[in-house]
Amino acid sequence: MYFDLAKVDKVNSMLGSHSFIVEQGDAIRRVEFERIAQLLGNSQNVPQFTLEQNGSSPTFSISEGRNAADYRAAMGGYMLRVVGGKVYAAKLSPANWNYFEDGAKVDDVTKYETMVKVPPCYFKAQDKTMQFGGLSPLAGGHAFDSPGWVGAYLMYVDGNGVGHSRPDVSPSHSATMSTFDAYAKKNGSQWGQANYGFFCLINALYQASFGNLDSQIVIGAGWQHSNWKACRDVAMGLTRSLGDATGCVLYNDSTLGNQYPTKLFCFEDLYSKLWEFRPGIRFYMNDGQRYAVIYGGNQVSNSASGREVAIPLLSSGGHTAKTMLLGEYWDMLCTSYDGATYGGNVYYGDGHWNSEGGELLIVCGNADNWSQCGVSYTNSCYDFSTSWSFLGTRLAFYGTPLLVSGTELMAM
């Protein structure tokens, strides 16, 4: 079982009117959460939580407030299309992505990029404590440096070398981060990849929405199999019927048996299908000290300047992340690990790898990483020339599209 139904009331109090898919025995069903308004009333308190205060347990308490629910409600799936050099976007149905919000049936997914709206996300943090503002700026706080639109699916590269976010195709792999960036930018100069700021944002939103750091326990295990290539090559789009809901669905074939691909905040397979590049951060060593440089802009670089932080060289290999840097910018960078465990329902519930020669960040893992996978799983062991068959990325759009109806978009 991937979710304890006895805990539904607890999650109900945090998920607003969004749906959640839970498994009970062999059944998968949708649970509607409608009690949030009753539980929170007109409260506008900012949700606050403190991590790493409960021993090895991944659970923590969140103060009441509807900012996280409001932020999730402002997200959602869209179809984006480039026409005459301009980018247009139409909202998909929150209930089923086979349809647009205006009721029109999606005609041809290959004409569009299936993207998720990621509004500016505000927060204020100190040490291990976060105040999650969501859509509301907080005095003295910051906003995550994330692109405003991120692919619902892992990037697929077509025969012309153009990067896409589409269902019904397998994700592409075996290219460097710079090469993937070039594939993305064939759509236009404002296209790129999901970055480190997006990674930190998703972790903060997940933390503000749930009281358990182990995403495989809360959302679902995702892909779990020694034949990780077969999992990787299953075509994307299995969660379209969930619409904007968070949860998992059942997938079965003769090679893989039962698998449970996930959707979290509209994003399919944010963990356990394929490792993903996250530009916007680079690592280097100097006099025995490891540093991370967090840089901005729609770029991939191993020399860009930016905010620099010292982090420990852990030389860990898959061990469970125990503590994160966090602090004012909520940096999801592992600072210590539990050497006795490899994932599982302790601490962050996700693995961590790094090495002295690591220069770039990859996240979230693939199927044969098993319980190490999750929204905070990181690996910084590789250099900028890396391209492996277990490595992909996620398309992003850094501009502002023109909003139209689904019917109008199809007519263009």
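User: Before we start, what counts as contact here?
Analyst: Contact means heavy atoms within 4.5 Å. Also, this is a predicted model.

User: OK. Which residues does Phe132 touch, leaving out those up to four places away in sequence?
Analyst: Val46, Pro47, Asn67, Ala68, Tyr71, Cys121, Tyr122, Leu138, Ala204, Leu205 and Ala208.

User: And the largest nonpolar core? Which members touch the most others?
Analyst: Leu80, Phe100, Phe132, Phe144, Phe265, Phe267 and Trp330. The core has 104 residues. Helix α5, residues 196-209, gives the most to this core, with ten residues.

User: Switching to the open sheet. What is the strand order?
Analyst: The order is β3-β8-β7-β9, with antiparallel pairing. β3 (48-50) and β9 (142-143) are at the edges. Each has a single partner strand, so one side of each lacks a neighbour in the sheet.

User: How many bridges join β7 and β8?
Analyst: Five. β7 covers residues 122-126 and β8 covers residues 129-134. Ala125 sits opposite Met130 in β8.

User: Which strands of the sheet does α5 touch?
Analyst: β3 and β8. The direction of α5 makes about 95° with that of β8.

User: Now α3. Which of its residues are buried?
Analyst: Asn67, Ala68, Ala69, Tyr71 and Arg72, in a helix that runs over residues 67-74. Their cover includes β8 and α5. Among the α3 residues that Phe132 touches are Asn67, Ala68 and Tyr71.

User: What follows α3?
Analyst: Gly76. The phi of Gly76 is positive, near 130°.

Notes
Residues numbered from 1 in each chain as written. Predicted model: local features only at pLDDT ≥ 70, side-chain atom pairs only at ≥ 80, totals over all residues. Heavy atoms only, no water. Core = buried A, V, L, I, M, F, W, Y, C linked by side-chain atoms within 4.5 Å. Buried < 20%, exposed > 50% of the residue type's maximum accessible area, 1.4 Å probe, protein only. Helix = DSSP H or I, 4+ residues; strand = E, 2+ residues; numbered from the N terminus. Pairing = 2+ DSSP bridges. Axes fitted to C-alpha atoms, helices over the stretch in contact; angles between N-to-C directions.
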